[in-house]
Amino acid sequence: MDGHKKVPKRISQTVLNSLKGGVVPRIGLPYITVGRKSEIEALLHDVDIIAEGGASFRFIVGRYGSGKSFLIQTIRNYVMDRGFIVADADLSPERRLQGTRGQGLATYRELISNLSTKTKPEGGALTLVLDRWISAVQNEAMQETGLMPGDPALAAATDRKIYEVTAQVSELVHGFEFGRLLSAYYQAYVNGDDLAKGKVARWFRGEYALKKEAKEELGVNIIITDDDWYDYLKIFSVFFRLAGYAGMMIMIDELVNIYKIPNSITRQYNYEKLLTMYNDALQGKARYIGMIMGATPQALEDKRRGIYSYEALRSRLAEGRFSKPGARDLLAPVIRLEPLTAEEMLVLCEKLSEMHAGLYGYVRRLTTEDLAEFIKIEYGRIGADQNITPREVIRDFIELLDLLYQNPEMGLAELLVSDDFTYAKSEAVSDNREEKFAEFTI
């Protein structure tokens with residue numbers, strides 16, 4: 001964002017409120033993105049591979065508050081602009097990759113409920129995508145045949161085109177039932193039967209608990225389960241491509257929740273699922289699909305409980321001998337986030353002060369020298385060079401902007417030493433502290 005580009009107030013409000021609360025805003029990220037150019041370019045290289053029918057799998061690794069979730073959200077916005085469908089979810093004690101009490105299925109449901117497109121970026125896009133697909137097929141059939149709506153010959157031509165898609169989907173694992181349900185959705189759409197459409201959508205969302213119920217209501221003797229939910233994402237990625245999208249990007253953050261599972265066998269089952277997904281992407285068993293996973297260094301590297309405790313993953317993901325800070329292999333499956341520099345933080349503070357002034361309608365008072373002084377003090381705290389994170393600096397800075405706005409008689413130097421302004425305590429100093437701050441999402 002340059003200083004002259006006006007940010008809509010609605011976006012400014014959302015961005016500042018989110019950042020002050022320690023979470024990543026869903027909108028407005030292009031206005032405040034700094035640094036991370038290499039990481040973004042590496043991830044966008046994957047996007048081209050996916051759009052050509054390939055698959056990709058990346059881990060983004062960074063401490064709490066380092067900008068991990070920020071980068072994931074930034075990529076989410078980029079790929080939606082490029083015609084991708086995006087599904088994202090945070091893992092939690094109730095949402096895992098595998099579980100005995102529906103925790104894997106809970107992750108699938110979260111991903112499908114967060115299904116987003118450029119025209120519906122806030123999620124819930126499943127039925128919109130299905131309806132858009134059918135409408136596009138009808139228009140195509142009309143243009144090719146020159147027939148008018150209501151003509152039985154046009155209906156037959158549309159049926160044939162729908163069948164071409166369902167037949168291709170049917171060739172995949174579990175694809176036969178999926179294809180049948182796509183046909184059922186199409187028939188319900190043509191007949192204006194919203195109830196039947198709703199039942200099919202419910203099945204796609206993984207909301208049928210019993211095969212018996214699905215059989216009675218939809219005539220299919222199968223439901224999406226904890227064990228096979230990932231197979232259905234692979235089918236969706238092919239279907240979305242056939243429906244006119246570039247591909248599908250799946251983003252799963254907070255892998256630390258697998259690391260925190262107390263039972264070692266349950267943890268191993270989750271890492272096994274992770275390995276399956278990783279191997280599928282690299283061996284070409286998945287198409288038009290990308291996966292980005294967010295993890296802390298500890299959740300990756302801990303040889304007792306982390307991803308590296310599962311030897312098959314450790315041998316695939318461990319870095320070679322040549323990677324080091326400043327010379328990272330950004331084509332490797334693991335992208336490690338290096339801390340933002342003080343210079344990059346200065347640029348970010350400039351953007352935030354412009355945004356704050358625009359939102360509250362005042363002339364920006366803080367000079368670049370003032371901002372440099374603030375950054376110098378933040379980075380000058382004991383241990384800050386090791387432990388300070390963008391989240392802490394941002395929260396401190398927005399607090400400072402709020403106080404300056406509310407106390408116009410005070411200057412920056414005055415506020416920095418006053419009792420009104422209290423620095424955020426350095427987060428994630430130790431492993432135990434890392435766990436404590438798991439609820440934050442930047």
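Author: The largest cavity has a volume of about 130 Å³. The model is a predicted one, and the values given here are computed from it. With a threshold of 30 Å³ or more, the count of cavities comes to 1. Rolling a probe the size of a water molecule over the atoms is what shows where empty space is left.

The lining of the largest cavity consists of 13 residues, and Gly 67, Phe 70, Leu 340, Leu 348 and Pro 390 are the ones nearest its centre. Sorted by class, this lining holds 9 nonpolar residues, 3 polar ones and 1 charged one.

Next comes helix H4, which spans residues 68-81. Ser 69 is part of helix H4. Is Ser 69 buried or exposed? Its relative accessible area is 5%, and because buried means under 20%, Ser 69 counts as buried. The side chain of Ser 69 has a polar partner: it makes a polar contact with the side chain of Asp 253, at 2.4 Å.

Helix H4 also takes part in an open space, the second largest pocket, where it supplies 6 residues, the largest share of the lining. Helix H2 (29-32) is another element that gives at least two residues to the lining of this pocket. The volume of the second largest pocket is about 420 Å³. Its lining numbers 16 residues, with Arg 26, Pro 30, Asn 77, Tyr 78 and Asp 81 lying nearest the centre. By class, the lining of the second largest pocket divides into 7 nonpolar, 4 polar and 5 charged residues.

In soluble globular proteins, nonpolar side chains tend to be buried together. The largest nonpolar core in this model has 77 residues, and Phe 59, Trp 203 and Phe 239 are those with the most contacts inside it. Helix H11 (residues 229-242) contributes 8 residues to this core, the largest share. Apart from this core lies another, of 36 residues, which includes Met 345, Ile 388, Ile 398 and Leu 416.

Phe 239 can be followed in detail. Not counting residues up to four places away in sequence, Phe 239 touches Leu 130, Trp 133, Val 165, Val 169, Phe 178 and Leu 182. Val 238 has its place in helix H11. Val 238 is buried, with a relative accessible area of 13%. Leaving aside neighbours within four places in sequence, Val 238 is in contact with Leu 172 and Arg 287. Between Val 238 and Asn 191 there are 47 residues of separation in sequence and 26 Å in space, C-alpha to C-alpha.

A last stop is helix H16 (residues 342-360), which contains Ala 357. Ala 357 has a relative accessible area of 6% and is buried. Outside the four places on either side in sequence, Ala 357 is in contact with Tyr 362 and Arg 364. How far apart are the C-alpha atoms of Ala 357 and Leu 401, and what is their separation along the chain? These C-alpha atoms are 8.9 Å apart, while Ala 357 and Leu 401 are separated by 44 residues along the chain.

Methods
Residues are numbered from 1 along each chain as its sequence is written. This is a predicted model: local features need pLDDT of at least 70, side-chain atom pairs count only at pLDDT 80 or more; totals for chains, interfaces and linings use all residues. Side-chain values use heavy atoms; hydrogens and water are left out. On a 1 Å grid over the protein atoms alone, a cavity is a set of points where a 1.4 Å probe fits but cannot get out, and a pocket is an open set with protein on both sides within 12 Å along at least five of seven lines; lining residues have an atom within 4 Å of a point. Grid points are joined across faces, edges and corners, and a volume is the space filled by probe spheres set on the points. Helices (H or I, at least four residues) and strands (E, at least two) are DSSP runs, numbered from the N terminus. Ala, Val, Leu, Ile, Met, Phe, Trp, Tyr, Cys and Pro count as nonpolar, Asp, Glu, Lys and Arg as charged, and the others, Gly among them, as polar. A nonpolar core is a set of buried Ala, Val, Leu, Ile, Met, Phe, Trp, Tyr and Cys residues joined through side-chain atoms within 4.5 Å. Buried means under 20% relative accessible area, exposed over 50%, partly exposed in between (1.4 Å probe, protein chains only). Contact means heavy atoms within 4.5 Å. A polar contact is a pair of N or O atoms within 3.5 Å; within protein, one must be able to donate a hydrogen and the other to accept it, and residues adjacent in sequence count only if both atoms are side-chain atoms.
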